[in-house]
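Visitor: I'd like a friendly walk through this protein chain, one question at a time. Can you show it to me and then take my questions?

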Amino acid sequence: MSNSTSNNVWNDIADFFDQLGSLGSTDQVNAFFQLYWYVWLILSIGVVALIVVNILICCYFRHHKKLNEIDEKTGEKRLYNKDWGVTKPTQSVFVPIERNQQDGIDNPLMIDDYDDSKFAVEALMSHNQYRIQHGAAPLQSNEYLNRAASDWARELAKINQLKHSPDQWRRYNGSVLGENLAYFIGPTLKGDRLTEMWYREVKRHDFTNDLQENSLHFSQLVWKSTREVGFGRCQTQDKKQW
């Protein structure tokens, strides 16, 4: 088989030179070599383009792999590595602000009647129900984080402004923790409804991509590496809740 193939190759080469030798005029020779070099030019351009495409693909996947590696310091994907030019998204402009339709109805359930611990338990249970749907492990309540969240909620009520806490406020065990905020006007906001407000962003979340600015609260809620969580709230006399 190999001898037959080798003979065929040599025969093709011999036929090529026989045809080349049979060219009778200069014009025929020029036309032949013009066509010959044109074909090789097209093939060369195709090879160069293929090499460039493969290099770009390799660079993309190398870059994507680097971004999705786990940072030893934070325990999360290295999505915000400044060396790769990825800007960390902010949540400030996507904080849910909701006014209840029953604002005009007096609700005897005031904030003192609704225990903070009950609020935290309801929020935790609701979080874990949604996390199970997305294959994320259930969260554990952390009392220190509960107090920190409650303290910041009271700060927001004092300044009457919704903004994220500074990094030093959220620093815990060497890492800066994530944070979801919400602002609500109306009857007492319970833990399950608070969770549902954040989870609504699933409708505009693209599961083929990483973090997206229009669904950061949803991402925070079902973030798989999260293990502990804390909830806090504060209500003012005019039924504003933080």
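**Salt bridges, helices and a surface patch**

Guide: Let's start with a pair of charged side chains: Arg-170 and Asp-167 make a salt bridge, with their closest N and O atoms 3.5 Å apart. Keep in mind that this is a predicted model.

Visitor: Is Arg-170 buried or exposed?

Guide: Buried means under 20% relative accessible area. Arg-170 has a relative accessible area of 17%, so the label is buried.

Visitor: And what about Asp-167: which label does that residue get?

Guide: The label in between runs from the 20% cut-off for buried to the 50% cut-off for exposed. Asp-167 has a relative accessible area of 42%, so this residue counts as partly exposed.

Visitor: Which residues are linked in a network of salt bridges?

Guide: Think back to the pair we began with, Arg-170 and Asp-167. Both belong to a network of salt bridges that also takes in another residue; its members are Asp-167, Arg-170 and Glu-179.

Visitor: How many salt bridges does a search of the whole structure find?

Guide: Side chains of opposite charge can pair when their charged atoms come close. Searching the whole structure for such bridges gives a total of 8.

Visitor: How many residues apart are Asp-116 and Arg-233?

Guide: These two side chains meet in a salt bridge, at 2.8 Å from N to O. The pair links distant parts of the chain, with Asp-116 in helix H3 and Arg-233 in the loop between S6 and strand S7 (240–241); their separation is 117 residues.

Visitor: Where do Glu-155 and Lys-158 lie?

Guide: Glu-155 and Lys-158 form a salt bridge too, and their closest N and O atoms are 4.0 Å apart. They are 3 residues apart, about one turn of the helix, and both sit in helix H4.

Visitor: Is Lys-158 buried or exposed?

Guide: Glu-155 is partly exposed, with a relative accessible area of 29%. Lys-158 comes in at 66% relative accessibility, and the label for anything over 50% is exposed, so Lys-158 is exposed.

Visitor: How far apart are the end C-alpha atoms of H4?

Guide: Helix H4 covers residues 143–159, which makes 17 residues. At 1.5 Å a residue the helix should span 24 Å, and the model agrees with that: the end C-alpha atoms are apart by 25 Å.

Visitor: What covers the buried residues of H4?

Guide: The buried residues of H4 include Leu-145, Trp-152 and Leu-156. Their cover includes helix H3 (116–133), strand S2 (140–141), strand S3 (171–172) and strand S6 (228–229).

Visitor: Which residue has a side-chain oxygen that reaches the backbone nitrogen of Tyr-144?

Guide: Look at the start of H4. There, a side-chain oxygen comes to within 2.9 Å of that backbone nitrogen, and the oxygen belongs to Asn-142.

Visitor: Which side chain joins His-205 in a polar contact of 2.7 Å?

Guide: His-205 lies in the loop between helix H5 (191–199) and helix H6 (216–222). At 15% relative accessibility, His-205 counts as buried. Its contacts beyond four places in sequence include Asp-210 and Phe-218, and the side chain in that polar contact is from Ser-215.

Visitor: How much accessible area does the nonpolar patch have?

Guide: The patch is on the surface, and its members include Phe-33, Trp-37, Trp-40 and Leu-43. One of them, Trp-40, is found in helix H2 (residues 26–67) and counts as partly exposed at 43% relative accessibility. Together, the patch residues have an accessible area of about 830 Å².

Visitor: How many helices and strands are there in the chain?

Guide: Of the 242 residues in the chain, 30% are buried. As for the elements, the chain has 6 helices and 7 strands.

Terms used
Residues numbered from 1 in each chain as written. Predicted model: local features only at pLDDT ≥ 70, side-chain atom pairs only at ≥ 80, totals over all residues. Heavy atoms only, no water. Patch = residues over 30% accessible without salt bridge, like charges linked within 9 Å, V, L, I, M, F, W, Y side chains within 5 Å. Areas by Shrake-Rupley, 256 points an atom, 1.4 Å probe, with all protein chains shown as cover. Helix = DSSP H or I, 4+ residues; strand = E, 2+ residues; numbered from the N terminus. Buried < 20%, exposed > 50% of the residue type's maximum accessible area, 1.4 Å probe, protein only. Expected span 1.5 Å × (residues − 1). Contact = heavy atoms within 4.5 Å. Polar contact = N/O pair within 3.5 Å; in protein donor to acceptor, adjacent residues only side chain to side chain.
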